[in-house]
Amino acid sequence: MKQIKEGIFEVGALNPALRVFDIVMTTDYGTSYNSYLVKGSAKTALIDVCHKSFFDVYRENIREVCDLKSIDCIVLNHNEPDHTGALAQLLPELREDVAIYTSQAGSIYIKAITNRADLNLHVVKEGDSLDLGGKTLRFIPAPFLHWPDSIFTYLPEERVVFTCDFLGAHYAEPYLFDTNMAYPEKYRKAFLGYYQAIFGPFKKYVLAGLEKLGKLDFDMVLPSHGPVLTRGCMLEEAMEKYREWSTPVRRERRRVPVFYTSAYGNTRRLAQAVAKGILSKVDAEVPLFDIIDHPMAEMHRELNESDAFAVGTPTINRDAVPPVWELLAGMDAIGCQKRPCAVFGSYGWSGEGVPNVAARLSSLKCALAADPLRVTFVPAPEDLKKAEELGAALAESL
């Protein structure tokens, strides 16, 4: 337990040993599951909960501040299980009528997370508030930061905002405040990685969230992962980085990368022809990338920031080759919806690689500019012409 301001306490748990979060995100510096307790003169509120694996230490941290039965209400800014997983264990120890405040979407999610239909739920909307006695919690919808259920909670009397995942980081130090952080450069690395994995697909919503915060008077952001951010230290930098990373890149020319990999050079020749076809119709940057020759993180960035793209794959054992699937695994499935694309490849036996990739892109709601192109073994002149036509169709779909 740590006191932040008068009547505001952090009661969550540290997990410094965590190295993979939610299966796909590395956490070199662990994480924290921040939960906050706010004591007014009339009511006591718990803001966000904790991961279920840390329930025992979490309960004891709360007990250092107050009796569990004295908690009147719980605010759930976001209902992902790392913030709500311990709630099912905690509820039997709280008063039976404890009120839970969350968004409309959150009210649905939390029933499934706790497997309880008898919760005393209160759905909050823009402008709603909760008076704790000398401390007022104001609720601000912040959808898709990073789930549909997300909200901010603002405490104007103490000039703090509880933002849950927004402006957070998977970073565990025993120090709560950014002002005495031991390894600021490691924190910055974790902060960037967190943004890329969690908020990268929601850039327009990030900008909307920053705009909402810009209308508030506050000197601290209290996220649910990582340190408390304070004005005059890391807070301004963190908000500016979110703005910088989320602002659309303005390019003078469109960028249409062509990705491929090729065992014997046949898919490479098709890739070159596709690029030629693109350039015949549009003035654009059309870099060709042999996937195995470049860092995958670079390929993911090229793919996600493209205006359109093409993917070429051979077929091995009735499927696309692993590097192509690894490329597509890094696609921003939200940001790339309706993105024009094309698929091509050379094969020897059966040729399932190309239609399998096309099916995957269709399932991600990308826009196939033309029928996928499959060529048996070495492309003939007419095959290269078809590849150019495929590229031209992709360019015309922009």
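**Entry 1. Conventions**

I take helices (H or I, at least four residues) and strands (E, at least two) as DSSP runs, numbered from the N terminus. The model I consulted is predicted, so I note that local features need pLDDT of at least 70, that side-chain atom pairs count only at pLDDT 80 or more, and that totals for chains, interfaces and linings use all residues. Residues are numbered from 1 along each chain as its sequence is written, and side-chain values use heavy atoms, with hydrogens and water left out.

**Entry 2. The loop between E13 and E14**

I looked up the backbone of this loop. Most residues other than glycine have a negative phi, and most peptide bonds are trans. Leu145 and His146 are joined by a cis peptide bond, with omega at about 5 degrees. I place His146 in the loop between strand E13 (136-141) and E14. Phe144 belongs to the loop between E13 and E14 as well, and its phi is positive, near 65 degrees, in a residue other than glycine. I then looked up its accessibility, for which buried means under 20% relative accessible area, exposed over 50%, and partly exposed in between (1.4 Å probe, protein chains only). With a relative accessible area of 29%, Phe144 is partly exposed.

**Entry 3. Asp22**

I searched for positive phi elsewhere in the chain. Asp22 is not a glycine, yet its phi is positive at about 50 degrees. I find Asp22 in the loop between strand E4 (20-21) and strand E5 (25-26). Its relative accessibility is 44%, so I record Asp22 as partly exposed.

I count two strands as paired if DSSP finds at least two bridges between them. E1 pairs with strand E2 (residues 8-10) in the antiparallel sense, over 3 bridges. Ile8, in E2, is the bridge partner of Lys5.

For angles I use axes that are lines fitted to C-alpha atoms, for helices over the stretch in contact; the angles run from 0 to 180 degrees between N-to-C directions. I list Ala105, Gly106, Ser107, Ile110 and Thr114 as the buried residues of H4. Contact means heavy atoms within 4.5 Å. The buried residues of H4 pack against helix H2 (81-84), helix H3 (87-90), E10 and E11. Just after H4, I note a positive phi of about 55 degrees at Asn115.

**Entry 4. Helices H5 and H7**

The axes of helix H5 (residues 184-199) and helix H7 (residues 235-246) come within 11 Å and cross at roughly 45 degrees. That makes H5 oblique to H7, where angles under 35 degrees count as roughly parallel, over 145 as roughly antiparallel, 65 to 115 as roughly perpendicular and the rest as oblique. The crossing of H5 and H7 is right-handed. I call a crossing left-handed if the near helix is turned anticlockwise from the far one by less than a right angle, and right-handed if clockwise. Among the residues of H5 that meet H7 are Phe191, Leu192 and Tyr195, and those of H7 include Ala238, Tyr242 and Trp245.

**Entry 5. Salt bridges**

The structure holds 26 salt bridges.

Arg59 forms one with Glu93, with 2.6 Å between the closest N and O atoms. Arg59 lies in helix H1 (residues 55-63) and Glu93 in the loop between H3 and E10, so the pair ties together parts 34 residues apart in sequence. Arg59 counts as buried at 17% relative accessibility, while Glu93 counts as partly exposed at 21%. Salt bridges link Asp56, Arg59, Glu60, Arg63 and Glu93 in a network.

I also looked up Arg159 and Asp217, whose side chains meet in a salt bridge (3.0 Å, N to O). Arg159 is in the loop between strand E14 (151-155) and strand E15 (160-164), and Asp217, 58 residues apart, is in the loop between helix H6 (203-214) and strand E16 (220-223).

Glu396 forms a salt bridge with Lys281, the closest N and O atoms being 3.5 Å apart. I place Glu396 in helix H12 (residues 381-396) and Lys281 in the loop between helix H8 (266-279) and strand E20 (284-285), so the pair connects parts 115 residues apart in sequence. Glu396 counts as exposed at 54% relative accessibility, and Lys281 is partly exposed with a relative accessible area of 49%.

Key:
Salt bridge = Lys/Arg side-chain N within 4 Å of Asp/Glu carboxyl O.
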